[in-house]
Amino acid sequence: MESNGVAMLVTMMIVIVMGNLLAETEAQKVVLETWDRCGKHVRDYNMYTGVLGTAYLLFKSYLVTSNQEDLKLCLEIVKACDVVASKDSLRVTFFCGYAGVCALGAVVAKCIGDDQLQDRYLTRFREIRLPIDLPYELLYGRVGYLWGCLFLNKHIGKDSVSSARMRFVVEEIFRGGRQLGKRGECPLMYEWHGKKYWGAAHGLAGIMHVLMHMELEPDEIEDVKGKSEYLYRAKAFASFLLDKSEKLITEGKMQGGDRPFSLFEGIGGMSYMFLDMIDPTQALFPGYEL
């Protein structure tokens, strides 16, 4: 038993060291390609495919390593993104809009201890207004805005964004989902560009993921509550992708990422995974750590 324990400890230490080395190497590569070689000029500011994803990776690195230089560089990128994103009032979500810039900016400012900057970003977040025709999904829609609210309330403090404000958005999401859900077996359903979507980015899965983090009324909980059979289906689908995704992408039957250094479509995500290797039990998808 003792030898097994020692072997396990050695293995864990190797994983931690390798995770640190791999994460540092890949993160430096991401920063070089998305920030330094671009002349520190923001072409794509969003978190999903743009340089704000690099900032988020640096924030993750800071949380794992406590490296203040990562935090400073993160804030530098956030400020640059702010200049561009503040002119784009139609994009209001955490992953693909101004809400992500303000939310991450406020949290990083808190970590650095800059109360004035933190309040500035919080104020800008609270001033965001959702367009009437905003969809419901995660990347560009209402639940994408709610995710920013949850991120702030977790890292800054409860009621950084008021429950009343979030409640209004939640009610809109249920109202829209129930109208379309009446036509099918699912109590809630949503469309993206006129088509029903089931996935995490534009569809029902992403919307449900966010709603399950909200305070819901009893009737809303019933609408969100999933059947256990879907857990088995999700596991089977994940196993299928793990086994077949590379082949399907190579054959052109499944789309791969076209931004090779981004957080969600490139090696930024791989670097994030290496940071998660340091404590695999706490590993979560980037941005989904609530």
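**Entry 1: two helices side by side**

I started with helix 4 (residues 98-112) and helix 5 (residues 115-126), whose axes come within 8 Å and cross at roughly 160°. This is a predicted model, where local features need pLDDT of at least 70 and side-chain atom pairs count only at pLDDT 80 or more, while totals for chains, interfaces and linings use all residues. Residues are numbered from 1 along each chain as its sequence is written, and side-chain values use heavy atoms, with hydrogens and water left out.

A note on terms: helices are DSSP runs of H or I with at least four residues, numbered from the N terminus. Axes are lines fitted to C-alpha atoms, for helices over the stretch in contact, and angles run from 0 to 180 degrees between N-to-C directions.

How do helix 4 and helix 5 run relative to each other? They are roughly antiparallel, a label for angles over 145 degrees. I also looked up the handedness: the crossing of helix 4 and helix 5 is left-handed, so the near helix is turned anticlockwise from the far one by less than a right angle.

**Entry 2: salt bridges**

I found that the structure holds 14 salt bridges, each a side-chain nitrogen of Lys or Arg within 4 Å of a carboxyl oxygen of Asp or Glu.

Lys72 pairs with Glu69, their closest N and O atoms being 3.6 Å apart. Both sit in helix 3 (residues 68-85), 3 residues apart, about one turn of the helix. Is Glu69 buried or exposed? Glu69 counts as exposed, at 52% relative accessibility; the cut-offs are under 20% for buried, over 50% for exposed and in between for partly exposed (1.4 Å probe, protein chains only).

Glu171 and Arg167 also meet in a salt bridge, at 3.3 Å from N to O. They are 4 residues apart in helix 7 (residues 163-181), about one helical turn.

Asp219 bridges to Arg178, with the closest N and O atoms 2.9 Å apart. This pair links distant parts of the chain, Asp219 in helix 9 (residues 218-224) and Arg178 in helix 7, 41 residues apart. Asp219 is partly exposed at 42%, and Arg178 is partly exposed at 26%.

Last, I noted that Asp44, Arg259 and Glu265 are linked in a network of salt bridges.

How values were computed:
Angles under 35 degrees count as roughly parallel, over 145 as roughly antiparallel, 65 to 115 as roughly perpendicular and the rest as oblique.
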